[in-house]
Amino acid sequence: MKKIELNNISVSYIVGDFSNVGLKDVIIQKLKGNYTKKEFEALKDISFSIDEGELLGIIGTNGAGKSTLCKVISGIMRPTSGTMAVRGNIASLLELGTGFDGDLTVKENTFLRGAMLGYTKSFMNETYKSIIEFAELEEFEDRKFSHLSSGMKSRLAFSIACLVKPEILILDEVLSVGDGAFRKKSEQKMLEIIRGGATTLLVSHSLEQIRRMSTKVLWLEKGKQIDFGETKEICDKYEVFLKKK
């Protein structure tokens, strides 16, 4: 079963000098006919599909459009053109700390994040202990979220995203945060999720990690789709590309 299908998805932004001047100045410039703006294409004609239980590795240099694509699939952003089908509940972890309140405790934030993902309080009561234990934050559950280190925040976010058993999991550079032991544990959890039938999108600058974990790879560069297909083939091409830069 196809869990994610994209057909010629594009995302464009209107950029210009609006942010550098006030609204009054913009109106005056428009009346004078000298207001300038231009269109920036963050993504252009992206097309691919992945099946249930696959892990899609998304690669590309900085500014390739990887995070934008994840936001589109997550429903955070709307594409400018193209069609898309995403079948299943999504747990996405795109930016460290997203969906958390710094003034609330770790425990309160866990329930808050669970509610945002659409899970009931009774389900979160049943799952809470497992989430905290996996995140290795048993001694910090009454600590304010803002007092945690970046590694702790990442562990909590990853633990919530994974242990609530999503059908589709989207991770943007999450497995690069934290110590080596937790990264290894995270990868093991990812493989367990895949074996359970979940479909996963993983953005990573670690080509070795992409090679080890992905069933398919999407290569983006400057918003354009360079290639999509089998892991070894695409990673080999990308490695050659990086050596030439």
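Is Asp 236 buried, partly exposed or exposed? Asp 236 is partly exposed, because its relative accessible area is 28%; buried means under 20%, exposed over 50%, and partly exposed in between (1.4 Å probe, protein chains only). The model is predicted, so local features need pLDDT of at least 70 and side-chain atom pairs count only at pLDDT 80 or more, while totals for chains, interfaces and linings use all residues. Residues are numbered from 1 along each chain as its sequence is written, and side-chain values use heavy atoms, with hydrogens and water left out.

Asp 236 makes a salt bridge with Lys 232, with 2.8 Å between the closest N and O atoms. A salt bridge here is a side-chain nitrogen of Lys or Arg within 4 Å of a carboxyl oxygen of Asp or Glu. Both residues belong to helix α8 (residues 231-244) and sit four residues apart, about one turn of the helix. Helices are DSSP runs (H or I, at least four residues), and strands are runs of E of at least two, numbered from the N terminus. Lys 232 is exposed, at 58% relative accessible area.

Turning to covered regions, helix α2 (residues 66-74) has seven of its nine residues buried, among them Leu 69 and Ile 73.
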